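Please look over the model shown here.

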Amino acid sequence: MAMVDEPLYPIAVLIDELKNDDIQLRLNSIRRLSTIARALGEERTRKELIPFLSENNDDDDEVLLAMAEELGVFIPYVGGVEHAHVLLPPLETLCTVEETCVRDKAVESLCRIGSQMRESDLVDWFVPLVKRLAAGEWFTARVSACGLFHISYSGAPEMLKAELRSIYSQLCQDGMPMVRRSAATNLGKFAATVESAYLKSDIMSIFDDLTQDDQDSVRLLAVEGCAALGKLLEPQDCVAHILPVIVNFSQDKSWRVRYMVANQLYELCEAVGPEPTRTDLVPAYVRLLRDNEAEVRIAAAGKVTKFCRILSPELAIQHILPCVKELSSDSSQHVRSALASVIMGMAPVLGKDATIEHLLPIFLSLLKDEFPDVRLNIISKLDQVNQVVGIDLLSQSLLPAIVELAEDRHWRVRLAIIEYIPLLASQLGIGFFDDKLGALCMQWLQDKVYSIRDAAANNLKRLAEEFGPEWAMQHIIPQVLDMTTSPHYLYRMTILRAISLLATVMGSEITCSKLLPVVITATKDRVPNIKFNVAKVLQSLIPIVDQSAVEKTIHPSLVELAEDPDVDVRFYANQALQSIDNVMMSV
């Protein structure tokens, strides 16, 4: 008997915890609703648990949010799709609470449930719920209702569909801006379910009202509707109805609306097609690039490459390039940064001659920008230009600027340059690299910033992989080994890191003859941090060097380190000895 009662005990506890004063206990219990439901069975879940949750007027938003989320996946626990409607009442209550994230989650869960419900149940249960919310006295219910129309519409009979379109139209003219905002946000989803005959009449008249709303927060959401509706309409209707709206919005008195147009412009161009883009949207885009608000210019600048791809190179050079030149010396560093992050992509669009003539001077001015993010954004995309103009021109014009940036006072800029070096090396070739960039790579090993030193060590490994062990033996290894006697222990640690990375590329012979002796010498270092790093490096060398070197050289050194007075040195030495034992056993 005790065995039978045992599983029910925790369930009883969980149900009690749903009513507990402690929020954490209530939360835990809500998150395990599926466990409670499984224990109760489908019928008791429908008749007891769901009504209890409907009456549960918990005042804590976190608990309500968890409940809204759990109920969205609850269909299997109430007996499947035919009983899905029993989940609607608690979620309907949650759709009316004040906290936005709870309402949003409840709407999301209702959409998930509604999309699985049978058509007859949608008409009997879901549509009445939407109508009740849409007629709700408090604005929160009406806000939630807007997000449910696209689920309830498609399965409704013709009369009901007309009523739903009419209710949505009323919500778009609601006295509360929050409701109109929600209606504007969800218009695209609702329009996608409406028949094309009513799209031009009902939906476009709703849309026109929203585009002329006196609240800019509603109008800016209507901008998103432009792109969504544009994809649903025929091209000629799109040009007739959507294009004038976009052009007006690009001159809207509110900068937020203009910002949304700048952000969405590429999608809007796709909606109206190439010809109207060239005739009507290019002037609108040029206006946005020259907007008096920096935020609008930032959004517009970030889309410049995408926009140029739609245009012919001639149009881009004629209309867009003059704006790009102005933006490259914009008073706002954020505008210049947004431009720098995309301008490199214009090179393939414009072609070699236009890039050399028009873009290279802009790249150079941005590479010398006083704001580090602008310089960073240019550096990280250099390969796009290289593909167009070729390495000779790139090295003549841009390399001096790159060398200058390698010593930039902002460490993140130096880091970006280091990460770009292997790519640059492969493009420039060995000879050029040795002349111009080789010394820099060694210099970074003694940088004041750890991230730079670490990246420099990784950089040497990548260069050795690129140019091969023989080149590394001539140009990297001697200089690295010279630095092992550096007076600063942090630099000596970086060299140890570089050795452990290079060993994987250089192979057993060079590691044993050149690198291992240096590491063994470092076991006598007076700084404990060096010694425990030596133990780590020796451990990493075990798989690389041959068996005799492990037995004759590495093992005795580790045994010595295992008796060091410092606890960390002993720990890492013993760890390395353990891995030698493991290797021996596997052999």
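C95 has a relative accessibility of 0% in this predicted model, so it counts as buried, the cut-off being under 20%. C146 falls in the buried class as well, because its relative accessibility is 1%.

With cysteines in view, the next point is disulfides. A disulfide is a covalent bond between the sulfur atoms of two cysteines. How many disulfides does a search of the whole structure find? The search returns 0. C95 therefore takes part in none: the nearest cysteine sulfur belongs to C111 and lies 8.8 Å away, whereas a disulfide needs the two sulfur atoms within 2.5 Å.

E92 is part of helix α7, which covers residues 88–94. Is E92 buried or exposed? Its relative accessibility is 18%, so E92 counts as buried, given that the class takes values under 20%. Residues up to four places away in sequence aside, E92 touches L129, R132 and L133.

K161 sits in helix α12, made up of residues 158–172. The relative accessible area of K161 is 11%, and K161 is therefore buried. Which residues does K161 contact once its neighbours within four places in sequence are left aside? They are Y153, S154, A156 and E195.

Conventions. Residues are numbered from 1 along each chain as its sequence is written. This is a predicted model: local features need pLDDT of at least 70, side-chain atom pairs count only at pLDDT 80 or more; totals for chains, interfaces and linings use all residues. Side-chain values use heavy atoms; hydrogens and water are left out. Helices (H or I, at least four residues) and strands (E, at least two) are DSSP runs, numbered from the N terminus. Buried means under 20% relative accessible area, exposed over 50%, partly exposed in between (1.4 Å probe, protein chains only). Contact means heavy atoms within 4.5 Å.
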